[in-house]
Amino acid sequence: MSWVPVAMLAVPLAGAVALLMPYGRGRLLRAHALTVSGVTFALSLVAAVTYVRGGATGIGLETDLAWVPWLNLRFHLGVDGVSLPLVVLTTLLTFLCFVYLCRGGAGGTDRLPRGRPGPERARALVFTLLLLEVGMVGTFLALDLLLFFVFFEVVLVPMYFVIAIWGGRARRAAATKFILYTLLGSVVLLIGLLFVWAGTGTLDMVSLAAAHGAGMSRPAQILAFVAIGVGLAVKAPMWPLHTWLPAAHTEAPTVGSVLLAGVLLKMGTYGFARIAIPILPEGAAAVAPWLGAFAVIGVIYGCLACLAQRDLKRMIAYSSIGHMGFVLLGFATLTPVGLNAALFGNIAHGLITALLFFVAGAIKERYGTADIPALGGGMLARLPHLASLLTFACFASLGLPGLAGFWGEMLALLGAFDPAPGLSRPLFLLFMVVAGVGTVLTAAYFLVMLSRVTHGRPTETVHAPLLTAAGATGTPEAGEAAQEAREAQEAMVAAERVTEKVTADAEQVVEETMAGGGPPDTTARAGGSGSAGETGSGRGTGGAGSGRTRDVTAHELAAWVPLVALILLFGLWPKALLSLTDPVVHSLLGTP
Amino acid sequence: MIQSIDYFAVAPPLVLALAAGLVLLLDAFLPRRPYVRPMLCVVTLAGVLTALGFVVAQASRSGEALRTFCVPEGLTTAPRIVPALPPGVRPTTGKPTGTIAVAASGPETGAVPSCSFVVDDFTLVFAGLALAAGIVVVLLSMTLLASGEIPVGEWHFLLLCTLTGAVALPASRDLIMLVVALELVSLPVFALTGLRRHDGRASEAAVKLFLVSVVSTAVTLFGVSLLYGATGTVHLDRLAQVLRERAAVPAVPGPGQAAGDALPQVTGTTEAYVSALHLSYDSPPPDLSSVLAVAVVLVLAGFAFKVAAVPFHAWAGDVYQGAPVPVAALLSVISKAAGFAGLILILVTALGSEASTWGPPVALVAALTMTVGNLLALRQRHAVRLLAWSSVAQSGYILAPLAVRDDEATGASIAYLVFYAAMNLGAFAVVMLVSRRAARNELDDYRGLAFRDPAAGPALAFFLLCLAGLPPGLAGLFAKIVVFRELVGGGVAWLAVVMAVNTVIGLYYYVAWAARIFTPAPRGASQGVVSDMPDISAPGVVTAPENPVGSGEETGGGRRGWLPVVVAIGLTVVVALVFSVAPQVVLDLLPGGSGIGR
């Protein structure tokens, strides 16, 4: 019985519950959010240190209490080399999200001090994110199948609200798609878990993993593996079950995207390492070729989709599908090398994509749009620091040797080169070749994007959206655009002058923007090219007031530097992570 | 012969019936003063609480189940062909796995006579559920009655009558008492529905409910009479025994001989009750299996009406919407629980050996019920109507484990019912609160509820998530897991898949509603909704059209009766939270709950 895992769940939960009390606005709220998430992060570090000093083998920091005996549901928590890095990643990213949110300055889309209808909204965001953290950390800590499922589900509702309330324009549809899709996945997962229970009579992951599938016939294992696999694959996501992901990532606010890509996707892949493969080895062996095939299709599909994207956040979302393809390919090999690759890739992707989404969010906030053509190039000249960070994150993501992204992909390919005995080697060699093509394509789309965004001559297209709003009144999108513009105006001017006529509003904003220094002829020209869809509105630009967008702020830097450091660390010293995962992987696979 | 009555056993329904009479008398003879109305409420509440106290007292005593209205000693020569029975058929008398087995094991041993009224775990769970739900309904109706539209005495009298039936029904162990108790639950509800005079919708609802209920009663009675005709007994335990023997007879060498042995003894029993049947047993016994099948289907259909199972669900939407909100809550929880209690008693206790006849239809009905209920709920814009269809869907989830046909599965059904009762009552309580502000009670009236009412909004969201079965509504999640587990473990995986898909469909409308609660109302719209409202549907509900103060003060429009609803919401929130955090509390109470772990 160890108190650390319990505390890791109790602290964010208590922090969330405390927010139900009517106190604390602004500064106090920020302090609260930072303290709670900071303490949780510190606890995860304590857990890591304790585990490593305790020899780094087996399950550490175990807590096992009966919760619902009628259901055989035990409150069984613990960490090992597989879950520990993910736990630390989760608490770190949550903490960094709060750091990012707490930055001061003018009103942004999702920052804490100023929300739309008052401070209640900011409190609600902190509350939701803390609840989300409970679910995420709990999923990685759980050692009981049903408990895992419960935490797996805890995540859904908070993430739904993060997207549905703080998201972009199409947020409601995206959030609904997200929750329905992932819930369908998780009920299938539940049926699969209950199959395991019906076959073996226990829900304890540790003893189930030690049994290596004893007690279940091969057909039962295959059935259970397919059910569990489908449930996890929706979350991961695996092609062709990925369709919820681009919409959710694009519409979610920055912190939502960061946590979605950085942690939530990992819950799916973690499930493969923790449940599906060790508990159902025969099922895994039977389904692995299919898993591998879907994985490499996902790699290629993600890359091709990325090449076709105009929206920066959407492109990063599709790149996640590609990277998760590598992770799933690693699992499909069923070798220690492959599993290590997958677990390493998990962490690397969490760090890199979180950084990418942070930077993309910052860009969207400054430019008012994440549309790549509308960004107009030349970012290295205008915002050198931000553009450098974007470049760094892209290179990390495309797998440049020396950065964290490299090892996950390389080891996955290596695993596919020599798959587990019983799997068809030629087939996996084919997978390896296809995935290799995928790495090239990955490099291609990132470089294309960088050349369009960071290089070239800076052009003034920033104010284009606002004019579009005025130019295209009458269409429904314009109505929405004007609505957004109006919100921006509210942020700038304290007085609320709400008229029913959308046109009047839009014109007002345009006047204001022009007064703010935008040359009228430039905006007029750009108005034709921009579409109504890219009207993220001029919040960031208007808020700055000076007409010049600001480069990286101190808060942003504080949130991002740890990620950069870790990407470098794991890129240069992969053994730091692999030495943790390797012994556990061997015991999970039952190999010496 | 003189029956000795165990008054402790019959105390809960007795107290309720006496309270009903008292309320009626007080209403008739007390002067019309302002204090009378709250006083009647308090008397009602005291009656329900006393009955609940007796239930708790009965639950806390240990030992044998309480039995009364038993067949006297001299008449207990139950039909027995014990040597012909394979040993596995007979339930053991030592430690039965569930109370249903207790009831079924009665007459074989000869020690326990057949009784019409038995208080065991099963009875206590359902009685406790009905009374706890009754408290919430009484609290909700206090708010409703505050408007003065509805005659208070009659209302409480009818409410107490329904509760009497709901408490007596799970204790009933013979067909006649079962039907009488079921009618006692149903009949007052028509009147309650239509008690709001000059309200067209309510009258329509009352008539619909009446017709449907009468038809279903007739169908049930027909099935019951066939059962009686086929077996010659009305006591459920004897019924079970006769049917078991029928099933066992063909296994004995020389089936004709064995049947010949068995039936005269059956006649011996029935002789004491009805000599009329004597005639039919003089001739060689006919093959009764087809008659039994018809009887089973008819009884099933009758109860399917009560629990609003597809294809007998069509009345739910209109009736729930037309009835006052407390009555809708009563219909969806108390009436439904009574229906399920009867269904479980007849199917599992009496017809347990005929499971192969009723198992597949029950599975099919469950699958249809959840699917149709969810699909209908998807398109609803009216809050109560949505809850009506959602409760149809939930009926499907409750019905599903019955198709597995063992005691643990029955326990899963009951568990789901108990969890569902708490969450559904909570949702209705908040709906009641909102209906006082926005009488039309459409889903759009809930926009921004969390900002107007920081307690009720999140509470409703919590209940909806419970109903959807998603954390933080862990109660609902556990309930669903219990059911899923029985389905997967019991080999009806196809039903589990149907239920999985349905859970997702259900989530859509629950979450869409929950999201509305947290979406700020469009500027000016919240006022507009209130003031533009045509007051057709519910003239009695106090609205605040001329209250310009704004959102926070809108509740002030009907200060009267505000407190009981809040208490009801608080109660249900606490119960739902307890169910979420420590579901074992309720799971321990369930019959068959001890032996679930396989």
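A:N72 is buried, with 20 other C-beta atoms within 10 Å; a residue counts as buried if 20 or more other C-beta atoms lie within 10 Å of its own, as exposed if 12 or fewer do, and as partly exposed in between, with C-beta atoms placed from the backbone. This asparagine is in the loop between β1 (60-68) and β2 (73-79) of chain A. Helices (H or I, at least four residues) and strands (E, at least two) are DSSP runs, numbered from the N terminus. Although A:N72 is not a glycine, its phi is positive, at about 60°. Most residues other than glycine have a negative phi, and most peptide bonds are trans.

The structure is a predicted model, in which local features need pLDDT of at least 70 and side-chain atom pairs count only at pLDDT 80 or more, while totals for chains, interfaces and linings use all residues. Residues are numbered from 1 along each chain as its sequence is written, and chains are lettered from A and ligands numbered from 1 in the order in which they are written.

In chain B, B:V310 and B:P311 are joined by a cis peptide bond with omega about 5°, and B:P311 lies in the loop between α11 and α12 (315-322).

## Overall make-up of the two chains

Chain A contains 26 helices and two strands, and buried residues make up 61% of its 592 residues. Two residues are in contact if their C-beta atoms, placed from the backbone, lie within 7 Å. Of the contacts in chain A with a separation of 6 or more, residues 24 or more positions apart account for 80%.

Chain B has 23 helices and two strands. Of its 598 residues, 61% are buried. Among its contacts between residues at least 6 apart in sequence, 79% join residues at least 24 apart.

## Strand β1 of chain A

A:G60 lies in strand β1 of chain A and is buried, with 23 other C-beta atoms within 10 Å. Leaving aside residues up to four places away in sequence, A:G60 touches A:T50, A:Y51, A:G54, A:G78, A:V79 and A:D80. A:G60 and A:L84 are 24 residues apart in sequence, and their C-alpha atoms are 9.6 Å apart in space.

## Packing of α9 and α12 in chain A

Helix α9(A) packs with helix α12 (residues 281-307) of chain A at an angle of about 50°, with their axes 7 Å apart. Axes are lines fitted to C-alpha atoms, for helices over the stretch in contact, and angles run from 0 to 180 degrees between N-to-C directions. The two helices are therefore oblique to each other, since angles under 35 degrees count as roughly parallel, over 145 as roughly antiparallel, 65 to 115 as roughly perpendicular and the rest as oblique.

On the side of α9(A), the contact is made by A:R218, A:Q221, A:I222, A:A224, A:F225, A:V226 and A:G229, and on the side of α12(A) by A:E282, A:G283, A:A284, A:A286, A:V287 and A:L291. These residues divide into eight nonpolar, three polar and two charged. Here Ala, Val, Leu, Ile, Met, Phe, Trp, Tyr, Cys and Pro count as nonpolar, Asp, Glu, Lys and Arg as charged, and the others, Gly among them, as polar.

## Helix α11 of chain B

Helix α11 of chain B (residues 289-306) has 18 residues and reaches 26 Å from its first C-alpha to its last, close to the 26 Å expected at 1.5 Å a residue; the expected span is 1.5 Å times one less than the number of residues. Its buried residues include B:L292, B:A295, B:V296 and B:F303. The cover over the buried residues of α11(B) includes α8 (200-231), α13 (325-350) and α14 (355-378) of chain B. Just after α11(B), B:A308 takes a positive phi of about 60°.

## The contact between the chains

The contact takes 30 residues from chain A and 32 residues from chain B. On the side of chain A, the elements that give two or more residues are α5 (145-154), α6 (156-166) and α7 (171-200), and α7(A) gives the most, with 11 residues. The residues of this side divide into 26 nonpolar, two polar and two charged.
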